[in-house]
Amino acid sequence: MSVILVTGGTGLVGKAIQHVIETELEGSRFGKKPGETWVFASSKEGDLRDAEQARKLFEKYKPTHVIHLAALVGGLFANMKYKLTFYRDNTLINDNVLYTSHITGVKKLISCLSTCVYPDKVEYPLDETKIHLGLPHESNFGYAHAKRMVDVANHAYKDQFGSNFTSAIPTNIFGPHDNYDLESAHVIPALVHKCYLAKKNGTPFIIGGTGKPLRQFIYSRDLAKLFIWQLREYDDVEPLILSVGEDEEVSIKQVADAIVKALDFKGEYAFDPSRADGQFRKPASNKKLLSLIGDFEFTPFEQALDESVKWFLENYDAARTGKKNVV
Ligand SMILES: NC(=O)c1ccc[n+]([C@@H]2O[C@H](COP(=O)([O-])OP(=O)(O)OC[C@H]3O[C@@H](n4cnc5c(N)ncnc54)[C@H](OP(=O)(O)O)[C@@H]3O)[C@@H](O)[C@H]2O)c1
């Protein structure tokens with residue numbers, strides 16, 4: 001019998017794991033296995049910044065396995081404005097989850113990092129060996145340092161206690177249940193929301209920058225399958241990049257085009273090159289993942305985007321659009 005606790009189970013990635021576990025055939029590769037109980041915890045069940053609340057959450061569910069997603073997550077603006085909050089909240093959450101997993105005898109723990117934690121000046125493509133080779137970008141150093149320390153802690157737990165703790169490094173994620181708050185959203189949900197408002201208000205859809213930068217985006221439901229596979233099959237402390245291939249980079253213009261199409265937006269649509277573009281590319285290699293997982297099919301980008309936009313339109317009132325969100 002195993003109990004898999006997903007911290008941050010109500011966010012973008014947590015909801016995607018829940019969707020996959022509940023919709024894939026029971027006993028299939030990514031479906032629920034006999035004897036498994038999955039628990040998707042929100043912050044309301046326990047604020048993981050607080051050690052006592054973390055202890056109570058683990059006492060309640062007695063997890064044998066943990067997928068640790070809970071984090072304070074935000075876009076560039078929020079990361080720049082609240083550096084200490086991003087550093088401190090994430091450090092506390094991670095320390096409490098790792099330590100509580102250790103003292104309660106959790107058999108396996110996967111924590112979620114991000115390609116944002118990589119050094120600002122680094123040789124591309126990113127791979128699993130380069131996390132600590134230099135300082136992260138100044139804009140998100142609070143979040144990045146807090147996340148990097150999880151890899152340090154994983155190695156220390158393994159060396160001192162033999163713990164089976166590891167981490168996953170996804171690239172940019174998007175999908176149903178994303179954060180669409182224009183103050184803190186990542187690029188895809190932010191552009192979906194902006195385009196939606198432009199259509200509703202009859203105003204132009206203007207995208208900051210040239211539209212030329214390239215990024216690797218992973219659909220949350222594909223990522224969910226990779227997490228489920230990693231939980232069952234990958235027993236190494238070294239992190240694992242969970243991403244589409246470098247050859248599947250898409251430009252911000254391709255993203256915006258796909259959003260315009262998915263929302264059937266017919267108004268004025270332009271780029272504002274006076275706004276900063278950010279880095280042109282930040283490719284990450286998924287070679288290690290592919291060498292281990294064997295066959296895996298990623299959802300084509302446009303299909304994944306269509307599904308995400310459809311979810312947004314159907315769930316606009318309940319979605320995180322900023323009305324009730326304060327980072
Ligand atoms: N989104 C991306 O593009 C991206 C890219 C790379 C890596 N990641 C990583 O992926 C993981 C999941 O991200 P996401 O996009 O799914 O985030 P998200 O949608 O913002 O969800 C965050 C989750 O964490 C929970 N949480 C936040 N603060 C908490 C606290 N103090 N105690 C307990 N739970 C707390 C939230 O609970 P409530 O719902 O109750 O607030 C929510 O379930 C994170 O570790 C993030 O760093 C994300």
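A crossing of two helices is called left-handed if the near helix is turned anticlockwise from the far one by less than a right angle, and right-handed if it is turned clockwise. Keep that in mind, as it comes back below.

What you have here is a predicted model, where local features need pLDDT of at least 70 and side-chain atom pairs count only at pLDDT 80 or more, while totals for chains, interfaces and linings use all residues. Residues are numbered from 1 along each chain as its sequence is written.

Let's start with the whole chain. It holds 10 helices and 12 strands, where helices (H or I, at least four residues) and strands (E, at least two) are DSSP runs numbered from the N terminus. The radius of gyration is 19 Å, close to the 20 Å that the globule rule gives for 327 residues, so the chain is as compact as a globular protein of that length. That radius is taken over C-alpha atoms, and the globule rule is 2.2 Å times the number of residues to the power 0.38. Along the principal axes, the C-alpha atoms fill a box of roughly 60 × 40 × 40 Å.

Of the 327 residues, 42% are buried. Buried means that 20 or more other C-beta atoms lie within 10 Å of the residue's own; 12 or fewer makes it exposed, in between is partly exposed, and the C-beta atoms are placed from the backbone. Now for contacts: two residues are in contact if their C-beta atoms, placed from the backbone, lie within 7 Å. Among contacts between residues at least 6 apart in sequence, 80% join residues at least 24 apart.

An unreviewed UniProt entry annotates residues 4-244 as "domain: NAD-dependent epimerase/dehydratase". UniProt positions are given in the numbering used here, feature names are shortened, and annotations may be inferred rather than shown by experiment. This span is 41% helix and 16% strand, and its end C-alpha atoms lie 26 Å apart.

Next, look at how some helices pack. Axes are lines fitted to C-alpha atoms, for helices over the stretch in contact, and angles run from 0 to 180 degrees between N-to-C directions. Angles under 35 degrees count as roughly parallel, over 145 as roughly antiparallel, 65 to 115 as roughly perpendicular and the rest as oblique.

Take helix α6 (residues 187-201) and helix α8 (residues 252-262): their axes are 10 Å apart, at an angle of about 40°. They are therefore oblique to each other, and their crossing is right-handed. On the α6 side, V187, I188, L191, V192 and C195 meet I252, V255, A256, I259 and V260 of α8. Also in α6 is L197, which is partly exposed, with 13 other C-beta atoms within 10 Å.

Helices α2 (residues 51-61) and α4 (residues 83-103) pack at about 45°, with axes 9 Å apart. Their crossing is right-handed, and the contact joins A51, A54, R55 and F58 of α2 to N96, V97 and T100 of α4.

For another angle, turn to α1 (residues 12-23) and α7 (residues 220-233), whose axes come within 8 Å and cross at roughly 70°. These two are therefore roughly perpendicular.

Finally, zoom in on A146 in helix α5 (residues 141-161). It counts as buried, with 23 C-beta neighbours inside 10 Å. Leaving out residues up to four places away in sequence, A146 touches F86, Y87, N90, T91 and N94.
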